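Hello,

Here is the structure I promised to pass on to you.

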Amino acid sequence: MRILVLGGDGYLGWPTALYLSNRGYEVAVADNFVRRQYDYELGVESLVPIYPLQQRIRTWKAVSGRDIGLYVGDLQNAEFVYQMIRDFHPDSIVHFAEQRSAPYSMIDREHAVYTQVNNVVGNLNVLYAIADIDPKIHLIKLGSMGEYGTPNIDIEEGFIEIEHNGRKDVLPFPKMPGSFYHLSKVHDSHNIHFACRNWGLRSTDLNQGVVYGVETEETKQHPHLATRLDYDHVFGTVLNRFCIQAVLGHPLTVYGRGEQIRSFLDIRDTVRCIELAALNPPAEGEYRVFNQFTEQFSLRQLADLVVSTYPGDARIEYVDDPRTEALAHYYNAKHTKLIELGLEPHYLSDTLLESLFGVIEQYKDRVSWEAIRPSVNWRRTHNQATRV
Ligand code: NAD
Ligand code: USQ
């Protein structure tokens, strides 16, 4: 099977490309390196050093003997997208290539517009290219659990049966996301669903929870193969941040009372879920949704776990929540479809946290402390997020 990984220079795209290549698939990656550009803009860098994509690919060839193809370009450029898909002829396209930070999208008008244009236009170009070149290509698109928000009912996997005025239908599950970034994912989902109904495309929308961890079997094989690890308040995700804060001796920044509940998964499960989706494609014309996570935790539970597992002193600080989100709420999201396809989850364990502490310890001197505390406030339309 030939698999094209869009966003192959990113936190998840790179380990996914390595994993799929290691499993014997023909893999190519595409990226325009804009994620590295956001680092320059924000004055930060990945805690774990990352190497240029060309060097990562060369090292993988030396380590494994396998080739990974490379396309450098912007998905907003339709000509680039068409040429790449014609040239590589993928059976599946895994689409990670979007601006993925909620705080980044809430900095100001410019960042909100950039996020939605980049994500929605890039995804539309991919949909059109598939429809024009080969509608049988399976689009595996990274969505987000945050598309659903936190409704006071159980969250289904994409669709819900509704009875209204004596009639029944199965309809897309209602969406109420909490940032302009998460909204871009909702817009993508609607566009993909329509493209499947309209052109008979086949697609899997993976509503993924928050990912944690940094090492996979492949990235561990050589320092040049490492993937990025973000700690800053704009791109760092919560559990990775808590672990980094513990090692630095910085208080763990729990927003609000920490009673928000979110869904989580280990990076090693992300790469496997992508393979499971590719191995089990939907029928032509089918749009399906998998909720891609393995466990739910409140933020306070996670912070307590990090404090109790970290061998040194670590403490929690409850800070005013800079986001507009329910501070305490019901949360119960279904997630059976990937398990039914064979996912064997890596549940959060002390061992994982300890190995993450070890990696962080090695690189902790690279941290810029000023970039840790949140400074993007959802309620303001202008935020100063960049650092000198
Ligand atoms: P990332 O920012 O590390 O990687 C995304 C990559 O896409 C970057 O290398 C970036 O340069 C590239 N990119 C962005 N726009 C592009 C464009 N227009 N053209 C070409 N390349 C472009 O993000 P990540 O953490 O690896 O996340 C990957 C995907 O998974 C995203 O769509 C994100 O929304 C989704 N996701 C991530 C998480 C998480 O916890 N990291 C959780 C759920 C869903
Ligand atoms: N939070 C803290 N302290 C912190 C950082 C975050 O309490 O220091 C809280 C936030 O308020 C939020 C929760 O932790 O309630 C999650 O925040 P996050 O930054 O870890 O994750 P989020 O903004 O939701 O976005 C991340 C990825 C995004 C992906 C999403 C999956 O950046 O690409 O779509 O996780 S999900 O959350 O399921 O929508």
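Three strands, in the order 9-11-13, make up an open sheet with mixed pairing. Strands here are DSSP runs of E with at least two residues, helices are runs of H or I with at least four, and both are numbered from the N terminus; two strands pair if DSSP finds at least two bridges between them. Strand 9 and strand 13 (295–298) are the edge strands with a single partner each, so one side of each has no neighbour in the sheet. On average, neighbouring strands of this sheet are turned by 45° against each other, direction ignored.

Before going further, a word on the model: it is predicted, local features need pLDDT of at least 70, side-chain atom pairs count only at pLDDT 80 or more, and totals for chains, interfaces and linings use all residues. Residues are numbered from 1 along each chain as its sequence is written, chains are lettered from A and ligands numbered from 1 in the order in which they are written, and side-chain values use heavy atoms, with hydrogens and water left out.

Back to the sheet. Strand 9 and strand 11 (residues 261–266) run parallel and are joined by 3 bridges, and Val210 stands opposite Phe264 in strand 11. Helix 10 (residues 299–309) packs on this sheet, where it touches strand 11 and strand 13, and its direction makes about 85° with that of strand 13. Contact means heavy atoms within 4.5 Å; axes are lines fitted to C-alpha atoms, for helices over the stretch in contact, and angles run from 0 to 180 degrees between N-to-C directions.

There is also an open sheet of 7 strands, in the order 3-2-1-4-5-8-12, with parallel pairing. At its edges stand strand 3 (68–72) and strand 12 (287–292), each with a single partner strand, so one side of each is left without a neighbour in the sheet. The twist from one strand to the next averages 20°. Strand 1 (residues 2–6) and strand 2 (residues 26–31) run parallel, joined by 5 bridges, and Leu6 stands opposite Ala30 in strand 2. Two helices are worth a look here. Helix 3 (residues 53–64) lies across strand 2 and strand 3, at about 170° to strand 3, while helix 6 (residues 109–133) lies across strand 1, strand 4 (92–95) and strand 5, at about 165° to strand 5.

Now the ligands. Around ligand 1 there are 27 residues, of which Leu12, Asp31, Asn118, Tyr181 and Lys185 come nearest; a residue counts as near if one of its heavy atoms lies within 4 Å. At least two shell residues each come from helix 2 (34–42), strand 5 (138–144), helix 7 (180–199) and strand 9 (210–212).

Ligand 2 is surrounded by 22 residues, and Ser144, Gly146, Tyr181, Thr253 and Glu325 are the closest. An oxygen atom of ligand 2 lies 2.7 Å from a polar backbone atom of Arg100, and a backbone N or O atom of Val238 is 2.7 Å from an oxygen atom of the ligand. A nitrogen atom of ligand 2 is 2.7 Å from a backbone N or O atom of Thr253. Polar contacts like these are pairs of N or O atoms within 3.5 Å. Of the 730 Å² of accessible area that ligand 2 has on its own, the protein covers 94%.

Best wishes

Definitions and conventions. Polar contact = N/O pair within 3.5 Å; in protein donor to acceptor, adjacent residues only side chain to side chain. Areas by Shrake-Rupley, 256 points an atom, 1.4 Å probe, with all protein chains shown as cover.
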